[in-house]
Amino acid sequence: MLNLGPGRIGTPVSLGDRVTLDAELVKRVVMNALAEDVGAGDLTSEATVPQNARIKARAIARESGILAGIDVFRAVFDALSEEVRTKCPLNDGERFSDGATLAEVAGNARRVLAGERVALNFLQRMCGIATETARYVAAVDGTTATILDTRKTVPGLRILDKYAVRSGGGANHRIGLFDGILIKDNHIAAAGSITEAVSQARGSQIRDGILFEVECETLDQVSECLALGVGLMLLDNMPVEEMSRAVRMCEGRARLEASGNISLQNVRETAETGVDFISIGSLTRSVAALDIGLDILPVKETNR
């Protein structure tokens with residue numbers, strides 16, 4: 001732990017470090033999901049499907065998109081049975097078209113059917129996040145702005161959500177409260193002012209090089225942060241005209257993140273103000289899952 005002395009808050013911060021999927025984390029998430037859905041057993045499959053029956057199925061895209069979460073999809077069936085095999089022709093981050101085969105699953109029929117919904121739930125959500133992220137990334141192409149995610153994720157699925165954002169070409173903001181400081185309006189209100197909040201932070205024990213950011217709602221607050229040597233500011237719900245002025249005020253002395261009420265319709269305009277980052281809560285908060293189905297192949301194909 002390092003005491004953050006005067007001037008340290010102006011040190012350049014790091015945003016966008018890549019989130020990776022740890023195998024043990026994926027396993028825990030998958031096991032929790034299977035416990036929730038399968039519980040003591042799949043009553044329907046056990047009542048209707050012979051114990052030793054084998055099937056082959058394909059995960060088919062019903063619409064085009066960006067792949068994300070194929071290893072999570074595979075992990076569901078790996079957890080259910082060592083006899084179930086999953087083949088995936090594409091890698092995360094690759095684009096696919098309507099009708100594309102995203103994965104092929106073969107093995108014990110009961111195990112495949114037991115894992116179908118859980119595996120698709122993960123894959124559909126993660127592909128939906130990646131696909132929507134790619135739309136925002138494309139919308140700001142040619143500008144200096146980087147698309148970021150937020151902490152507005154499904155509890156317990158944050159790493160998966162943020163990994164999906166990366167698969168779509170976006171970047172990650174802090175993972176949680178533990179790996180970055182973001183002084184927001186409520187912190188400022190509790191401390192009494194931006195100056196007091198920053199002063200308190202400078203006197204606390206903070207790890208060397210940790211992200212440090214202050215939320216600003218007005219240009220006066222931007223000026224206050226510049227005087228304090230804050231190196232990263234979040235412009236919250238600020239009109240584009242004021243964002244442009246904030247960029248000119250900073251003159252490279254600080255980096256700026258735009259946030260609040262940003263959509264595909266106005267993200268380009270926001271990026272053209274010259275801000276460095278644009279955070280989009282809707283990427284993970286209200287994403288539409290991509291339409292993907294698991295189709296059982298005819299018996300004659302299963303036996304090949």
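Predicted model: local features only at pLDDT ≥ 70, side-chain atom pairs only at ≥ 80, totals over all residues.
Residues are numbered from 1 along each chain as its sequence is written, and side-chain values use heavy atoms, with hydrogens and water left out.

Salt bridges come to begin with. A search of the whole structure finds seven; the term means a side-chain nitrogen of Lys or Arg within 4 Å of a carboxyl oxygen of Asp or Glu. I will go through some of them.

Asp295 and Arg62 are joined by a salt bridge, at 2.9 Å from N to O. Asp295 sits in strand β14 (residues 292-296) and Arg62 in the loop between β2 (54-61) and β3 (65-66), so the pair ties together parts 233 residues apart in sequence. Helices (H or I, at least four residues) and strands (E, at least two) are DSSP runs, numbered from the N terminus. Asp295 is partly exposed, at 31% relative accessibility, and Arg62, at 34%, is also partly exposed. On that scale, buried means under 20% relative accessible area, exposed over 50%, and partly exposed in between, with a 1.4 Å probe and protein chains only.

Next, Arg135 and Glu132, whose closest N and O atoms are 2.6 Å apart in a salt bridge. These two residues are three apart in helix α4, so about one helical turn separates them. Arg135 is partly exposed, at 42% relative accessibility.

Then there is Asp161, which forms a salt bridge with Arg125, the closest N and O atoms being 2.9 Å apart. Asp161 belongs to helix α5 (residues 158-167) and Arg125 to helix α4 (residues 109-139), 36 residues apart, and the pair links distant parts of the chain. Are Asp161 and Arg125 buried or exposed? Both are buried.

That pair leads to the cavity. A cavity is a set of points on a 1 Å grid over the protein atoms alone where a 1.4 Å probe fits but cannot get out, and lining residues have an atom within 4 Å of a point. The structure has two cavities of 30 Å³ or more.

Which residues line the second largest cavity? They are Phe122, Arg125, Met126, Leu157, Leu160 and Asp161. Helix α4 gives the largest share, three residues.

Technical notes
1 Å grid on protein atoms, 1.4 Å probe; cavity = no way out; pocket = protein on both sides within 12 Å on 5 of 7 lines; lining within 4 Å. Points joined across faces, edges and corners; volume = space filled by probe spheres on them.
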